[in-house]
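Please keep the sequence and the 3D view open as you read.

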Amino acid sequence: MKIETGVIAAAGSGTRMLPVTLGYPKELMPVINKPTIQLIIEEFIDAGIKRIVIVTGENPSPLHRQYKPENLPPAGKHKALDEFVNKMSGVEVIFEPQAGPYGNGTPLLVARKHIPEGEGFIYAYGDDIIKAKTSFAKQLVTTHNETGALVAGVQEVAWEDVVRYGIVEFKDDGSREMKDVIEKPAREEAKSNLAMFGRFLLSTDVIQILSEIPLGKANELWLTDSVREYIRRGGRVVAQPVIDGEWLTIGDPVNYLRTVIEYALEDAEIRAALEPRIRRLLEIA
């Protein structure tokens, strides 16, 4: 399939980051000098994505002010701004307010009209970042091209945390092809500790299923339930672990700080300034 569209779910209320998220989308939380969503957009662009649909919680949203083309600053004044403008110049950004039942499948129903028939797309949760040497979206596209299957990003989680995620069960043939996936299983029900996180390469077949299935756990529309039904109907989905990197999230204070530190320590100048202080703090602790 041709893959030129990316969809970002950015309608969450960010309750675990209150009060900063009162009227301020968590997707704009800064990771050093970049909004979180910019890291996702750059990942998409590096994978050849040319059209990005951002599903927001309100219309207009502060995200509109940041990413609408007419709001981009003129080039030539600041290097960081010039890099930002240059990155955004080759991509179409579309905003859609979320409408429909609560759940991580709903943004895809909203974005459907912007995905060309017969093409696939990348779907990202707006608070999930994949820090990797090669764009993880590009890794998903490569795996799709090699297998012809849809692709879901996965990473190991602690066994006690399987109740928080969609957990994968694999076929018995030694491949990474998924036999089933269950949303938030009890520990004793989980067939692995590999969790799907916020990166998928999907087709519009999955969106069609989302429009047909009933609401799932907690009366929400779950993408996991649609992927599960897609597999049940004979569709193929393979799991893709992050190569040379890891999945990070900014959805709560601890993980947000961890993400910022991870990126800070990768910058040579910032690391030189921070590392001695961090070492002293650890000695005091």
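Helices (H or I, at least four residues) and strands (E, at least two) are DSSP runs, numbered from the N terminus. Please bear in mind that this is a predicted model.

1. Let us begin with a loop. Pro19 sits in the loop between strand S1 (3–10) and strand S2 (30–31). The peptide bond that leads from Leu18 to Pro19 is cis, and its omega is near 5 degrees.

2. Lys184 is not a glycine, yet it has a positive phi of about 50 degrees.

3. Next come the aromatic rings, with a count of 7 aromatic pairs. In one of them, the ring centres of Phe136 and Phe197 are 5.6 Å apart with the planes at 40 degrees, so the pair is tilted. Phe136 belongs to helix H5 (residues 136–147) and Phe197 to strand S11 (residues 194–203), so this pair ties together parts 61 residues apart in sequence.

4. Now turn to helix H8 (residues 253–266) and helix H9 (residues 268–284), whose axes come within 6 Å and cross at roughly 115 degrees. H8 contributes Ala264, Leu265 and Glu266 to the contact, while H9 brings Ala268, Ile270, Arg271, Leu274 and Ile278. By class, that makes 6 nonpolar, no polar and 2 charged residues.

Key: Residues numbered from 1 in each chain as written. Predicted model: local features only at pLDDT ≥ 70, side-chain atom pairs only at ≥ 80, totals over all residues. Heavy atoms only, no water. Axes fitted to C-alpha atoms, helices over the stretch in contact; angles between N-to-C directions. Contact = heavy atoms within 4.5 Å. Nonpolar A, V, L, I, M, F, W, Y, C, P; charged D, E, K, R; others polar. Phe/Tyr/Trp six-rings, centres within 6.5 Å; stacked < 30°, edge-to-face > 60°.
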